[in-house]
Each structure stands twice: as C-alpha cells, then as structure tokens.
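Biologist: Could you walk me through reading salt bridges in a model like this one?

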Amino acid sequence: MSESEPLTGEALALDLVNTRPLSGDGRVDLLGTPRQLSRWLALEADRLEEGDAEEGHAGEEPGAGDLIPVHAVRGHTEAVVRALLDAAEPPAAALRGLTEAQRAAPAVRELGWDGTTVTAVPRRTGPLGVRVAAALAEAAVELLTDPAIGRLKECEADGCVMVFLPAHPRRRWCSPARCGNRARVARYYQRHSAAREPRP
C-alpha cells in the first residue's frame with residue numbers, strides 16, 4: 001500500500017481524518033486537488049448516503065471551491081478526534097462547525113416509485129462540496145456520539161498520525177500492510193544489527 005494512497009476501511013469520519021498523513025516533509029493532503037477528492041469519493045461511494053454518492057459522480061466533478069467545505073469538516077472532525085485521544089474537551093468551534101456543515105445541506109428523503117414499491121432516497125441540495133461536507137459531518141456526528149469512540153487509538157508506529165477504532169484490543173497499527181510491516185522490519189533490523197555488533 002502506497003503512502004500516497006488514502007487509508008480506507010475505518011469509520012467514514014476517520015477515513016476523512018486519515019487523508020492527512022505525515023511524511024518526511026510534514027503533513028500531506030491526499031484531498032488537496034479536485035481530482036484527489038473525486039478519487040476519494042469514488043473509494044468511499046458505498047459508504048456515503050446513496051443520494052450523495054450518485055450526485056457526486058453523475059457527471060458532476062468536484063471543483064476547487066468544493067474542497068473548502070470538505071477540508072473544513074475534516075479539520076473540525078480531526079480537532080474533536082485529537083481532543084478525545086487526549087481525554088480533553090473538544091473545541092466548541094469544531095463541534096459548532098460540524099453542526100453548521102450538516103445544516104448547510106440537510107438530507108431530505110425523496111420519495112419515488114420503482115414500479116412495485118415506494119422508495120425513499122436521501123437527497124441534498126446545493127453545491128457538490130457542501131452536500132459532501134454535510135454527509136461527512138453527519139458521519140462524524142454518528143461516530144463521535146457512538147460509545148465505541150472510547151476505543152479510539154492513534155497508530156503506534158513512529159511518524160504516523162493515523163487514527164482507528166480497533167476491533168481487537170491488541171491492535172497497534174493503522175494498517176498491517178503499512179505501519180505494521182514497517183515496525184516489524186525495523187524490529188528485525190534492530191535485533192540483527194545488534195547481534196552483529198562486536199562485543200567490547
């Protein structure tokens with residue numbers, strides 16, 4: 001798994017926070033361009049509300065202005081997540097920001113007929129970035145109010161800032177393929193280089 005690929009598979013809100021990994025040059029933004037946002041939305045399409053996923057990829061590609069509300073929700077979510085990791089009170093501005101993002105494009109269950117039954121598909125109105133940000137803020141609210149948030153962890157690998165909710169209490173890394181392998185290789189190298197050093 002490449003360091004430049006988004007880490008996915010956690011709760012949607014954590015996947016969003018994890019789009020700012022740490023590299024040798026500092027934090028990297030994996031949603032820094034409309035194209036990157038489009039690719040990430042495609043990766044997460046099955047986890048976004050049906051209407052949001054359809055609207056985001058039915059001929060409507062993100063523009064530079066769509067990055068602003070998505071980045072804002074990511075920043076608010078990360079601020080709350082980091083506070084919870086530190087067992088601190090989340091910033092009131094971040095909590096307000098997530099609430100406001102939801103208000104900007106509330107989901108309305110649009111009724112329809114599929115030929116045999118009445119259907120209800122959540123739909124949001126407004127610019128793409130605002131709709132996506134509202135869905136992501138809603139996912140953040142669901143995660144942050146879930147009792148499982150008490151299991152939240154940050155990856156133990158040196159230089160990693162990824163966060164995750166472990167299914168197993170002994171899980172230590174964001175990804176066995178990314179940081180788990182790196183940590184195992186480092187331990188192996190350390191053990192074997194120490195064994196090769198001449199004793200005084």
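**Reading the salt bridges**

Modeller: There are 13 salt bridges in the structure, a salt bridge being a side-chain nitrogen of Lys or Arg within 4 Å of a carboxyl oxygen of Asp or Glu. This is a predicted model, where local features need pLDDT of at least 70 and side-chain atom pairs count only at pLDDT 80 or more, while totals for chains, interfaces and linings use all residues. Residues are numbered from 1 along each chain as its sequence is written, and side-chain values use heavy atoms, with hydrogens and water left out.

Biologist: Which side chain does E44 meet in a salt bridge?

Modeller: Side chains of opposite charge can pair when their charged atoms come close. Here E44 pairs with R47, at 2.9 Å from N to O. E44 is buried at 1% relative accessible area, whereas R47 is partly exposed at 33% (buried is under 20%, exposed over 50%, partly exposed in between, with a 1.4 Å probe and protein chains only).

Biologist: And where do R131 and E60 lie?

Modeller: Those two also form a salt bridge, again 2.9 Å from N to O. R131 sits in helix α6 (residues 128–144) and E60 in the loop between α3 (50–57) and α4 (64–85), so the pair ties together parts 71 residues apart in sequence. Helices here are DSSP runs of H or I, at least four residues, numbered from the N terminus. R131 is buried at 6%; E60 is partly exposed at 31%.

Biologist: How far apart are the closest N and O atoms of R82 and E78?

Modeller: They are 3.3 Å apart, and both residues lie in helix α4, four residues apart, about one turn. Salt bridges with shared partners join R20, R27, E78, R82 and E154 into one network.

Technical notes:
Helices (H or I, at least four residues) and strands (E, at least two) are DSSP runs, numbered from the N terminus.
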